[in-house]
Every structure is written in structure tokens, then in C-alpha cells.
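Let's take a walk through the aromatic rings of this protein. Have the sequence and the model open as you read.

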Amino acid sequence: MATVNENYLKLKAGYLFPEIARRVNAFAQENPQAPIIKLGIGDVTEPLPEACRTAMIQAVEDMGDRASFKGYGPEQGYPWLREKIAALDFQSRGCDIDASEIFISDGSKCDTGNILDIFGDNNTIAVTDPVYPVYVDTNVMAGHTGQATESGKYEGLLYLPITAENNFTAEIPSEKVDLIYLCFPNNPTGATATKDHLKAWVDYAKAHEAIIFFDAAYEAFITDPTLPHSIYEIEGARDCAIEFRSFSKNAGFTGTRCALTVVPKTLTAKTSDGTKVELHKLWNRRQSTKFNGVSYIVQRGAEAVYSEAGQAQVKSLVSFYMENAKIICEKLTAAGLTVYGGVNAPYVWVKTPNNLSSWEFFDQLLSQVNVVGTPGSGFGAAGEGYFRISAFNSRENVEEAMRRITEKFKV
Ligand code: MLT
């Protein structure tokens, strides 16, 4: 009989968001009339920018004509998209990133998981706590951890707590680790990192020959002009960091699928005999073998984000969600709740009222006011006692959800 990858058996229950969906569906079945508002998973609700739609419609037309028809594209993405990203997302901010270092993909969730394919099994790995669960679960699946402990942590991972006390930015560890996951603006806490904070991480990574996985999926939501959008704004980051970006949240591509990963050519890691190997070559080999690229139509849609009209439309989409975040913060604060984030990120991190646990608050919100959020403990042990509210929804739903929550949970 075939055998299974037993690492999967170490995983706790279901992946967080399907688990929430399961509970919400069960509630909805028992209460079919309940007017449920979902502010749980960070899934966009507003239509795709017109510039993206127009470009994709044109791309469909291209596919209808033999002269402009496209079969397999380059596994790394079309040069015209990679060049625009290099110029407008990176070089315009002073980052020394070349188009050839950018790999187009169908999502940052996939890339942050798949990146482990090119790393060895004996790396020491640090994650923040709370953290985007994909980073942890994919390491469990790859056999990089031991079993889950009672506190919900996995043996073998170094957890760096991010709490209100440290302003939700992890302390630089005193021990040596090889791989570090950072996400700024942060999912789930909405915290941001200053240039100085990122510099401290880059210095640490260079001193320990570690690699930083920098998830910048929410960079478009930064409103503070002093904050860095890319880790490559920090000198030396080319030699120690891989950056992940996505069109999901800024341009509403959660259902359309397009993202990118930057693997600088100067980035190396070593073999067991100490030989240095270029990670760009390995990732290129991995992608060419396991991935056939993102569809031409979708890449044309993503390219339109960089047109003048596209830039303006994405900006207004982002502002729309950030206005939602502002409303959430203001209403909850006025009701006496303590909130974090929501200023440079589309997530508001709320201290649960009345000492409720994260899941207790989840259940009460769902059953009493029919609003769905994400329990903080689902992101890690240190998220217990917190609750994440997503700003991705219509204005009407956000206002109605805040009305219901503040009426019931005024403290
Ligand atoms: C979230 O809600 O944390 C995100 O939607 C998850 C994701 O982008 O995969």
C-alpha cells in the first residue's frame, strides 16, 4: 500500500479560513434568515478596476486571432509585465531590482509555501506569533517541525511574539536562525515596520547568513509616507531577502489570481558541503518544472495596474477599503474597545471585550449579531484574546456590522 506524508497528520484541525467558513455555513444552515456580514477572510468585494477589465477584454480578443494568439507563456511571466513592475514598484522607490529577478505567479499564498522547495530540511525557522498561518502550516507539511504542543505551537519553530507591548514588531532574536518570515504591513495585526526596524533585520540576516521571506502583500495600504514599501529599500537586502507581492488586495485580484516574487540574483544559500548556490537559479528551475505561468489574459490585466488610469483606479480602491478601516477603528474605539492596526493596513486587530477568548468572541459575534471576523488565536497562541476584523467589504456592510457590534458589545 502507498504511504502518506505523515507530516500532514501533525497539522491542527483545518486551515483557519475553511474552518471559519465551515462554522459560518453550519450557523447559516440552522439560521437561514440570519443577515450574516463577513469581515473574516481578507477577500475583496469591490469590482475590478476598469483599466484591468478593459485590458483583459482586449487580451481575450488577442486570443481570438491567430496573429496575436498566445500558447504557453514564459514560466517566469511576460517581460512587459516584469519590466513595469521593476520600474514602478521597485526602481521608482530606489530599489535595485531588475525585471529578470521578478517571477510572476498565481498567488503569494502559493509562493510563500512553494519557496520551501528550494531550501534544505535542516534550517532553523523563525515566525512571528501571531502569524499568517500559511508560513507555519507549509513548514509542518514539509517536515520542518515536530508535533504541535498543547499551547498550539509546533516543536522546532522559533516563535517571536508580537504583542501590544512591543508594538507588534518582533524583537530581533538572540539566537541564530536561517529563515525568517516577516509580513509588513502585518497580517493579522495591521502593524507596520519602520526602515530602522527592517534594517535591524537585514543586518541580522547578513550577520547570520539567513534569508528573510518578506511578505509585502499589503504594501499598497501604507498611508504613512515615511514607511518602506519594500525590503529592498534597505541597503543590503538584495543579499538576504526574497519579497512576495500580490495583485489580490490592491487591484482586487483574489479571484483573478496574479502575484509576484522577487528573487535577487545576488542571493545565495549553501549546500551541505558549504558550496554557495544562487537561489534565483533554483527558483527558476523550480518554476520552469512545476509551473506553466499565469494566463496571458490575467497578466494583461495586471499590466494595466501600471497604466495611468490603472494607478488612479487602484489608488481609489485602496482608499475605499482604508476608509472602511477608519470607520471600523473609530466606531469600535468609541464603543470602548481597544483596537490596533487599520491605519496602514486593511486589518483591524481588536482586543476582545470582557476577557472573552478569541473563539468565544467569534461565536458571540456570529450568533448574537451575525458578524464574522477571525479569531486571533487562529493566527497563533499569542493571538489569543484578540480578534481580526477585515476592512474588505462594502461600505454598507461595514457600517451595518459596526452598528450591530457596538450596540451589543459597548464596554
Ligand atoms: C487573510 O484573510 O488573511 C487573507 O485573505 C489570506 C490570504 O490572502 O490568503
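Is Tyr347 buried or exposed? Tyr347 counts as buried, at 1% relative accessibility; buried means under 20% relative accessible area, exposed over 50%, and partly exposed in between, using a 1.4 Å probe and protein chains only. A quick note before going on: this is a predicted model, where local features need pLDDT of at least 70, side-chain atom pairs count only at pLDDT 80 or more, and totals for chains, interfaces and linings use all residues. Residues are numbered from 1 along each chain as its sequence is written, and side-chain values use heavy atoms, with hydrogens and water left out.

Now for the pairs. The structure holds 27 aromatic pairs, where rings of Phe, Tyr and Trp (its six-membered ring) pair if their centres lie within 6.5 Å; planes under 30 degrees apart are stacked, over 60 edge-to-face, and the rest tilted. Tyr218 and Tyr347 have ring centres 5.1 Å apart and planes at 70°, so they sit edge-to-face. Tyr218 is buried too, with a relative accessible area of 6%.

Phe221 and Phe392 are also edge-to-face, with 5.8 Å from centre to centre and 85° between the planes. Both are buried: Phe221 has a relative accessible area of 0% and Phe392 one of 1%.

Elsewhere, Phe17, Phe168, Tyr340, Trp349, Phe379 and Tyr386 form one aromatic cluster. The charged end of Lys351 sits over the ring of Tyr386, 4.6 Å from its centre; that takes NZ of Lys or CZ of Arg within 6 Å of the ring centre and within 35 degrees of the ring normal. Likewise, Arg300 lies over the face of Trp80, 3.7 Å from the ring centre.
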